[in-house]
Amino acid sequence: MLSQWLNNIVSKQECRIIGIDGMGGAGKTTVSAQLSEQLAAQGIPAAILHIDDFIHPRCVRYRDDVPEWECYYYLQWHYSPLRELLSAFREHGTYTGTVQLYNKEQDCYDAVDLHIPDGIVIVEGVFLQRQELADLFDAVVYLDVPEAVRLSRVLKRDGYIGDADAIRKKYENRYFPAERYYAAHCRPMETADIVLTG
């Protein structure tokens, strides 16, 4: 299904930026890599950008006076550099410049020299269809995976948070409520160009 959809959209010259949207643990990174490989097989260069590289420092996104899920939904994301990068890519067909990407281990930004050739940019991350990003993408894939399945995945993946109880607590207090809010208010399954389930 994804291959057929991809063949349809890459034939359209105006399709330059593809979003891979989905909640935590849905498989966005995996699907983005698969999509990049399929494009490469067709001779189309593809660059992958991760929304998690465009977030605010801890002092901004973690506040004691704001509910955890609201911090995640409203204070986590530093969209301006991403918008500037993608706008420049769309205007010029390529991108060469220095981008401030978040360094999770050091809680700071690293100046990264980035070159994106003429091709397609794939952006993967949560909440890609919210209003702040609405005009950035030419096409969006949404990964629809049940919350229980995603929780089982992140319990194995997110050991940096702590043990299973710590991971479950963080998801229940921070991530899942924000994701439920996004699903209810932005209706990503309805607005995506293709929905993949599983």
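How many bridges join strand β1 to strand β6? Select residues 17-22 for β1 and 139-144 for β6: the two run parallel and are joined by 5 bridges. Within this pair, I18 stands opposite A139 of β6. Strands here are DSSP runs of E with at least two residues, helices are runs of H or I with at least four, and both are numbered from the N terminus. Two strands pair if DSSP finds at least two bridges between them.

This is a predicted model, in which local features need pLDDT of at least 70, side-chain atom pairs count only at pLDDT 80 or more, and totals for chains, interfaces and linings use all residues. Residues are numbered from 1 along each chain as its sequence is written, and side-chain values use heavy atoms, leaving out hydrogens and water.

Next, display the whole sheet. Its 5 strands form an open, parallel arrangement in the order β2-β5-β1-β6-β7. The edge strands, β2 (46-50) and β7 (194-197), each pair on one side only.

Now select β5, residues 120-125. β5 pairs in the parallel sense with β1 over 5 bridges, and 5 bridges also join β5 to β2. V123 is the bridge partner of G19 and of L49. Because 6 of the 6 residues of β5 are buried, the strand is largely enclosed by the rest of the structure; buried means under 20% relative accessible area with a 1.4 Å probe, protein chains only. I120, I122 and E124 lie on one face, and V121, V123 and G125 on the other.

Notes. Contact means heavy atoms within 4.5 Å. Axes are lines fitted to C-alpha atoms, for helices over the stretch in contact, and angles run from 0 to 180 degrees between N-to-C directions. Buried means under 20% relative accessible area, exposed over 50%, partly exposed in between (1.4 Å probe, protein chains only).
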